[in-house]
Amino acid sequence: MRTPLCDMFGIEYPIFAFTHCRDVVAAVSKAGGFGVLGAVGFSPEQLEIELDWIDDNIDGKPYGVDTVMPQKAVDVHGESADDVLDQIRSMIDANHWRYVDELMDRFDLPPLPEGEKPGGVIGWTDEVAHRHVEIALAHPIKLIANALGSPPKDVIDQAHDHGVKVAALAGKAVHAHRHVQNGVDIVVAQGYEAGGHTGEISTMVLVPEVVDAVAPTPVLAAGGIGSGRQIAAAMALGAQGVWLGSLWLTTAESGSSPAVLEAYLGATSADTVRSRCYTGKPARMLRNAWTDAWADPEGPGPLGMPLQNILTSEANARIARSSRPDLQFAPVGQVVGRMNDVRPVRDVMYQLVEEYIETTERLHQGLEG
Ligand SMILES: Cc1cc2nc3c(=O)[nH]c(=O)nc-3n(C[C@H](O)[C@H](O)[C@H](O)COP(=O)(O)O)c2cc1C
């Protein structure tokens with residue numbers, strides 16, 4: 001499984017793990033892969049704490065940080081997270097507030113305990129994402145990745161000045177080409193099957209298109225990869241490695257809540273939908289009554305990013321507290337159909353590598369006769 005990316009990062013296997021959970025980052029890197037911590041859900045202060053913990057628990061292995069800097073960010077500025085939240089709230093119309101109230105009644109969601117204030121995700125505002133980058137670069141990271149487009153030029157230059165490589169996700173060859181022109185070192189070609197924000201082209205079609213569009217820039221294949229056979233397929237398509245997000249959500253180290261974990265373990269690969277209900281941009285998650293309510297033609301439909309998440313933050317917090325598996329926000333890709341048990345990251349990594357070796361040997365034997 002060795003490719004030039006293994007030498008670039010000093011890793012054994014070119015298996016990159018996107019996760020919001022610091023324990024998964026450390027476990028993947030210690031098992032020979034490369035853990036990448038998603039920063040978007042953390043305040044700058046909390047990100048600092050997470051990265052300190054990783055530095056203390058990763059045994060000096062390499063890791064990275066992923067930020068979300070959308071190309072068209074809403075212009076909000078504030079001294080504190082509360083200022084930013086207030087500004088975003090003031091941009092939301094009464095009709096949408098009414099609809100969320102109606103949904104919270106319809107689903108009979110218990111109110112939050114006194115004093116508990118719902119926050120909401122602000123990591124994808126320009127200002128917070130830039131603070132994430134500054135904090136990340138003060139730690140011994142080896143990679144900064146960005147989800148929704150190329151990172152801005154100042155971020156790419158800053159990363160390179162620190163000797164840190166830059167990756168960006170792409171759902172189309174034309175976007176991948178633009179990333180490389182902007183100075184990105186590695187492209188993550190992420191197909192339609194993927195969990196989280198995703199485009200409309202399947203991994204099988206996308207990866208060779210991106211590989212050819214950006215050669216010799218290395219490409220990681222993402223979307224629908226959850227086994228050694230799928231890693232072998234990705235390598236056959238020209239990728240130099242793989243980038244997995246969903247598979248870690250049911251590992252023993254993952255921070256998935258019991259209700260969300262139950263929903264993942266019971267789901268089939270037909271149970272996901274691309275919905276704008278959580279972030280305002282199409283993201284893949286388990287379909288349920290909540291995603292249906294936001295697709296209802298009788299309703300007002302979702303707002304854009306970052307408004308939708310702030311609009312629904314109280315409802316999201318009440319749903320999470322309700323522990324109802326039929327309503328939980330459960331972002332995941334189509335590969336969820338094969339995520340049927342809870343195992344430690346080390347076992348998952350071992351099985352990926354074992355199955356990859358078996359697959360490539362089987363293919364060789366087929367060629368020999
Ligand atoms: C729960 C979840 C959250 C995600 N959040 C982000 C994110 O914040 N930034 C990002 O670059 N990608 C994010 N992604 C996408 C992953 O980086 C990755 O490309 C994707 O999970 C790969 O497809 P797979 O889910 O089939 O493994 C997320 C994916 C999942 C499953």
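Here are some questions and answers on how the labels for this predicted model come about.

Q: Why is Ala-147 called buried?
A: The cut-off is 20 or more other C-beta atoms within 10 Å. Ala-147 has 22, so it counts as buried. You'll find it in the loop between β4 (143-146) and α7 (153-161).

Q: Which residues does Ala-147 touch, not counting residues up to four places away in sequence?
A: Ala-147 touches Asp-66, Val-68, Leu-169 and His-197. For a contact, the C-beta atoms have to lie within 7 Å. Glu-116 is another story: 31 residues along the chain from Ala-147, with 30 Å between the two C-alpha atoms.

Q: What makes Ala-147 part of the ligand's surroundings?
A: Ala-147 is listed with Gly-195, Gly-196, Gly-245 and Gly-333 as the closest of the 26 residues that surround the ligand. By class, that shell splits into 15 nonpolar, 9 polar and 2 charged residues.

Q: Why is Cys-21 called buried?
A: Cys-21 has 21 other C-beta atoms within 10 Å, so it passes as buried. Its place is in the loop between β1 (15-19) and α2 (22-30). Once neighbours within four places in sequence are left aside, Cys-21 is in contact with Glu-253, Ser-254 and Gly-255. As for Gly-38, 17 residues apart from Cys-21 along the chain, the C-alpha separation is 7.9 Å.

Q: What makes α2 "mostly covered"?
A: Count the buried residues: 7 of the 9 in α2. They are Arg-22, Val-24, Val-25, Ala-26, Ala-27, Val-28 and Ser-29. The cover over them includes β1, β2 (34-38), α3 (44-57), β3 (63-67) and α15 (345-368). Just after the helix, Gly-32 takes a positive phi of about 105 degrees.

Q: What makes a set of residues the largest nonpolar core here, and which of them have the most contacts inside it?
A: To belong, a residue has to be buried, be of a listed type such as Ala, Val or Trp, and join the set through C-beta atoms within 7 Å. The largest set has 116 residues, and Val-36, Val-187, Val-188, Ala-189, Val-210 and Val-242 have the most contacts inside it. Helix α9 (residues 203-214) gives the largest share, 6 residues. The core draws at least three residues from each of domain 1 and domain 2. As background, nonpolar side chains tend to be buried together in soluble globular proteins.

Q: Which residues is Val-188 in contact with, leaving aside its neighbours within four places in sequence?
A: Val-188 is in contact with Ala-145, Ala-167, Ala-168, Leu-169, Ala-170, Leu-220, Ala-222 and Trp-243.

Q: How do you know that β8 pairs with β6 and with β9?
A: Pairing calls for at least two bridges. Strand β6 (residues 186-190) is joined to β8 by 4, running parallel, and β8 is joined to strand β9 (residues 241-244) by 3, also parallel.

Q: Which way do the residues of strand β8 (residues 219-222) point?
A: Val-219 and Ala-221 point one way, Leu-220 and Ala-222 the other, and all are buried.

Q: Why are β7 (196-197) and β10 (272-275) called edge strands?
A: The open sheet has the order β7-β11-β10, with antiparallel pairing. Each of β7 and β10 has a single partner strand, so one side of each is left without a neighbour in the sheet. β7 meets strand β11 (residues 283-286) over 2 bridges, and β10 meets β11 over 4. Ala-283 in β11 is the bridge partner of His-197 and also of Ser-275.

Q: What makes domain 1 and domain 2 touch?
A: Contacts within the 7 Å cut-off: 13 residues of domain 1 meet 13 residues of domain 2. On the domain 1 side, the touching residues are 5 nonpolar, 8 polar and no charged. The C-alpha centres of the two domains lie 27 Å apart.

Notes:
Residues are numbered from 1 along each chain as its sequence is written. This is a predicted model: local features need pLDDT of at least 70, side-chain atom pairs count only at pLDDT 80 or more; totals for chains, interfaces and linings use all residues. A residue is buried if 20 or more other C-beta atoms lie within 10 Å of its own, exposed if 12 or fewer, and partly exposed in between; C-beta atoms are placed from the backbone. Domain bounds come from an automatic or database domain assignment. Two residues are in contact if their C-beta atoms, placed from the backbone, lie within 7 Å. A residue is near a molecule or strand if its C-beta atom, placed from the backbone, lies within 6 Å of it. Ala, Val, Leu, Ile, Met, Phe, Trp, Tyr, Cys and Pro count as nonpolar, Asp, Glu, Lys and Arg as charged, and the others, Gly among them, as polar.
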